[in-house]
Amino acid sequence: MKPRARIPNPYEAERRAALEEVRAIYRELESRPIQRNCTRLTECCQFKLTGRTPQLTKGETLLAAKAVRGAGRKALPEPPLAGACPLLKQDGKCTIYQDRPFGCRTHFCAAAGGPYDRPQVLDLIRRLEALDTRLGGSGPRALPVALAEELRAMH
Ligand code: SF4
């Protein structure tokens, strides 16, 4: 019997393109000469300390959730410290460092040089927002909520 031709899944193609767009935005950010010196104090990953939780657009959420799955997890672990990011490991490293969200790439503690000025990266924020709209997202959402929901949807 002739093997059946694979039917292209339009959602899968859209998803792959979305992941590539988010990676391109992160690469563009990295190429900019904005100097910061992160020494991994992990303060910025402790939301209770900073009073700030990274807000993820849909594309960032898809990429981060894929990375969490790639790290062998089907759900978010318990944070190592009360009020910390669930993706912060006991050793102070990020579980998904290569694919960490935009906010984690632009928010730095005072010791590392402070957060990026919004106008410096506004064009990239706009690209993430436009992608969120294309993917039917509802705007930026708090990391723990957005990621937990996406991981459940991936089951
Ligand atoms: S995703 Fe990674 S870099 Fe971002 S807050 Fe969590 S542990 Fe820190």
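The model is predicted: local features need pLDDT of at least 70, side-chain atom pairs count only at pLDDT 80 or more, and totals for chains, interfaces and linings use all residues. Residues are numbered from 1 along each chain as its sequence is written.

**Nonpolar core**
- The largest nonpolar core holds 22 residues (buried Ala, Val, Leu, Ile, Met, Phe, Trp, Tyr and Cys joined through C-beta atoms within 7 Å; buried means 20 or more other C-beta atoms within 10 Å of the residue's own, all placed from the backbone).
- Val 22, Ala 64, Ala 65, Val 68, Cys 85, Leu 143 and Leu 147 have the most contacts inside this core.
- At least two core residues come from each of H1 (10-30), H3 (58-70), H5 (118-134) and H6 (143-153) (helices are DSSP runs of H or I, at least four residues, numbered from the N terminus).
- H3 gives the largest share, five residues.

**Helix H5**
- H5 has 17 residues.
- A kink of about 35 degrees is centred on Leu 124 (the angle between axes fitted to the seven residues ending there and the seven starting there).
- Val 121, Leu 128, Leu 131 and Asp 132 are buried in H5.
- Gly 136 follows H5, with a positive phi near 75 degrees.

Key: Buried ≥ 20, exposed ≤ 12 C-beta atoms within 10 Å, placed from the backbone. Expected span 1.5 Å × (residues − 1).
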